[in-house]
Amino acid sequence: MSQVLFFIAAIGVISGAVGVVMLRNPFYAVLALVAHLLSLAVLFLLLRAEFVAAIQVVIYAGAVMVLYVFVVAYVGDQTQPLGERIGAPGAVGSRLRLGGLILAGALVVELLIALLGTGLAAIDGKGAGYTPGPEAFGTPAYIGKLLLTRFLLAFEVASFLLLIAAVGGVVLARRRHGLDEQEEEDLLVPMDLLRPGSAGTMAEGVGRR
Amino acid sequence: MSIAWYLAVSAIVFSLGAIGVITRRNPLVVLLCLELMLNGGNLALIAFSRMWGNGDGQILAIVVMTVAACEVCIGLGMIVALYRRHLPIDVDELRELQG
Amino acid sequence: MSQTTYGWLVLAFPLAGTLTIAFARDHLPGRSAGWIGTGAIFLAFLAALGALLEMQSHAPEHRQMVSSLWNYASTVGVDAQMSILVDPLSVFMILIVSGVSTLIHLYSITYMNEDEGFKRYFAYLNFFVFSMLVLVLAGNFLLLIVGWAFVGAASYLLISFWYRRTTATRAGIKAFVINVIGDVGLVLGTYFIFKHTGTLDFLRAFHATTAGAFGHGSDDGDLVAGCMLLLVGAFAKSAQIPLHTWLPDAMEGPTPVSALIHAATMVTAGVYLIARMHPLFELAPAAEDVGAIGGAATLLIAGSIALVQTDIKRVIAYSTMSQIGYMIMGVSVGAYAAGLFHLMTHAFFKALLFMGAGSIIGAMAGEQSLEKMGGFRKVMPFTYGCFIVGGLALSGIPPFSGFFSKDEILLVTGERGGWHWALYVAGYIGAFLTAIYTFRMIFRAFHGEPVPEAVELKAGTLHHAHEPTNPATGEVEDTDVGFPGPFHTIAERAQPMRVAMSILALGAFGAGLVQIPKVDFVIDDFLAPSFVGSRLYQTHERSGLLIFGVVLGTVLGLAGIALAYRVWVQRPGTATAVRERLRPLYELLVNKWYFDELNDALVVRPAAAVGRFAMGTFERVFVEETLVGGTTGLVRAGSAAVRAVQSGFVRYYAALLVLGLAGVGFYFLLQT
């Protein structure tokens, strides 16, 4: 049973990944990543990492991807043909694509050799034994205990890092001069006359009337 | 399934992410592919954690996720800032740091 | 004070003089630079006298003293020290050098009175005297070479003193280049000596040589090679054939410079060298013979050229060359005392002649050609008298000094016997020629119809040229620094000049009295301690050749004067007629035996061709394009290649990252 589940989840993971790389529309790419993440969570569950799987769904697929969706919506639909045009027009872009494919192919081969060809006997095993219980391997209690004892420093530093990232994000994306921006665009669209004053479009929110 | 399968999947996902980083021109998608690579790493970590039977790998995977979140935050903030200044959202066009 | 202390003082005073004048030149009022220079050399002369007295108070065996001030390095077996050797020979030389130099400095104060480069002149002149004293006092080969080179440099500086005259600068370069050839010979000769004796110090080297450092026979290959190379140096410095072409051109310098450097001191350095190196030369008779023949050839050739020269200074220059030929011949055949005695007397009368020439050139407002001079006898009596005294001394008429010294050289040469008889005959022919050209010069300049300048002078005004011109080429000059300027003076009007010339005239007249044959042997005895161990040094012995030589010398001298009188005073057209009859001979002599043309063809043209090749082809193709261009091209290409990596494309960088990752992974895979 778990093998079937493994294969379904693995296919989901890999097709999601392929989708992210291949799909031209960034919105579709985001959706592919979400699918990839959910399949990855299933794989985590199969590996008895319950808490991490939950985290993956809630935080990663839940919050981070939502952020992505917002930004994609804001920036717009920049559908572009895949991988061409590095610098001058010509075959350089396709050269890079080809080179990249070859490199990544070499990388995957190496990694497979490295991971599977090692003398690590345990790889062929199914892992250490598992005894279910309230603080069994992979439960929130187990993780929580680890976080607050052995990995306390990492925990604290990670939270600090989150703070910095939040501040950084605000700084990067804020408006500089308030609602009244000195922009050259004075084009008035007929819709402006019909727009109520209190509500605003996103464009207004960022200072573009 | 033995742990080896999970590691194989992890390797494939990682390489796919690498291809995507090299190939795509939209910085948003580049960031997405970067997430792919991180996820590949996470999968390997969880697999090894299961192999050894202690929670170190899972803790590390959580930390990686945290870092990925922060990085996405900053990265997307930069893209928004680029967009606001009417700069092209294209990694090929953004090359002022050239030699 | 010991004699070596005096020796160091002799060196210190001129050095102090030159440094003072050079560094304080902006603060020296008026003509004080000249007096400082003269005073410095006079103090050196006094110190030399002190050294003399101190030395003579020792027993003869103890008169050679070496003093070392500083040890440069004693590595690799080379004992490089700053040491001086104070012995009779060097004291003899420093007395002459400092004595005559003092008088010439005194003369120069008024001669160069209004020259723009007055201070520079005295600084250079003091530097020259310092260098010459270093050369003569040197106690080892190192300091000798240093002094040798400095003297060459000072000569260059002083010859091209009026540096805006192209003729002067060219002459300076010519002198320097030929002197450098001599320097190379000297250094290589030193190497050969050092190779066998293992020391640079003179006394130690001589001791080692006589003790058998070069084997126990004579004419050992290395020793002959070393002595021949030393001769090259001596010949270059003393202007002997074939390295003599620089001396006539060196007359471009101011007349006192010609008097000091090119008559009394620098050109005698070669004579001093051979005398000093006598232990080496005596064991290499082949080199000695070369020296003797070279000296004899020079005295004849130079004497013959002097017969047809029209520039008064060049007549005296060739005369110098000829007399030095006598000296070189003398010290090469073993007549050390005689050769050095002639050096002393020659210094007196030649400096006197040059000073007189300066005076008459002043009267002619810079014109130096004998063809334009005449009839100054009555209006410049003092100068005329000096010329007569100097001329008689030069011609070897008793009782003037030149007679005694020249005859003694020839006497010793004759006494050597064998093929030296040819040198003996050559010497007397040269004496005859000397008398002729000397009095030709005197008669043409002072006798005959007074030229306009003489008439002006008689009226009381010194002739001044309308515009200053270069006497050789006739091109017009201005009066700014670098040119002599319009100022000229004559001895009759300048007290310092008269004082200097009078003292020299006394010397020219009376210096011979110290070494009258069979009567007194002052020079012989004085120099004997320096020549201990010499198999050729003779004292007190003279054979029957003496009387014959004395009579022959006097007769030839008087005959020469008489001939000159007849040709140039009594029958003025004779010279022109003889010239026409012997046209080819005249051409040979006027073109100075074509030595300049020979040098040009053998040395100058090939050197210029090599220089053109080096500049045009080698430099351009090899150095510029290949070495320099290649290196920069390589660097540029390399940096261009590296620069291509910094494209600015993020994707490219990412690809490189993955490449690196794959590479590292591959490397580690290979390890396992």
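Confidence here is pLDDT, the predictor's score for each residue on a scale from 0 to 100. Helices are DSSP runs of H or I with at least four residues, strands are runs of E with at least two, and both are numbered from the N terminus. The structure is a predicted model, in which local features need pLDDT of at least 70 and side-chain atom pairs count only at pLDDT 80 or more, while totals for chains, interfaces and linings use all residues. Residues are numbered from 1 along each chain as its sequence is written, and chains are lettered from A and ligands numbered from 1 in the order in which they are written.

Over chain A as a whole, the mean pLDDT is 78, with 69% of the residues reaching 70 or more. Residues 85-91 of chain A stay under 50, and the model gives them eleven contacts beyond four places in sequence; a contact requires C-beta atoms, placed from the backbone, to lie within 7 Å. Where pLDDT is low, the predicted coordinates should not be read in detail. Helix α2(A), by contrast, can be described by its geometry: its 21 residues reach 30 Å from first C-alpha to last, close to the 30 Å expected at 1.5 Å a residue. The expected span is 1.5 Å times one less than the number of residues in the helix. After α2(A) comes Arg48(A), with a positive phi near 65°.

Chain B follows the pattern α-α-α along its sequence, and has zero strands. Its mean pLDDT is 88, and 96% of the residues score at least 70. Of the 99 residues in chain B, 63% are buried. A residue counts as buried if 20 or more other C-beta atoms, placed from the backbone, lie within 10 Å of its own, as exposed if 12 or fewer do, and as partly exposed in between.

Where chains A and B meet, 73 residues of chain A are in contact with 63 residues of chain B. On the chain A side, the elements that give two or more residues are α1 (2-22), α2 (26-46), α3 (50-75), α4 (92-116), α5 (140-148) and α6 (152-173). That side divides into 57 nonpolar, eleven polar and five charged residues. In this classification, Ala, Val, Leu, Ile, Met, Phe, Trp, Tyr, Cys and Pro are nonpolar, Asp, Glu, Lys and Arg are charged, and the others, Gly among them, are polar. The contact between chains B and C takes ten residues from each of the two chains. Its chain B side comprises five nonpolar, two polar and three charged residues.

Chain C contains 26 helices and two strands, and 52% of its 672 residues count as buried. Among its contacts between residues at least 6 apart in sequence, 80% join residues at least 24 apart. Helix α15(C) (residues 336-363) has 28 residues and reaches 40 Å from its first C-alpha to its last, close to the expected 40 Å. A kink of about 25° is centred on His346(C), the bend being the angle between axes fitted to the seven residues ending at a position and the seven starting there. Because 28 of its 28 residues are buried, α15(C) is largely enclosed by the rest of the structure.

The largest nonpolar core has 209 residues, and those with the most contacts inside it are Val10(C), Leu133(C), Leu137(C), Ala351(C) and Leu352(C). Such a core is a set of buried Ala, Val, Leu, Ile, Met, Phe, Trp, Tyr and Cys residues joined through C-beta atoms within 7 Å. Helix α15(C) gives the most to this core, with 19 residues. A second, separate core of 82 residues includes Val34(A), Ala41(A), Leu47(A) and Leu45(B).

Ala365(C), in the loop between α15 and α16, has a positive phi of about 55° although it is not a glycine. Lys592(C) also has a positive phi of about 55°, and counts as buried, with 20 C-beta neighbours inside 10 Å. A cis peptide bond joins Ile241(C) and Pro242(C), with omega about 0°.
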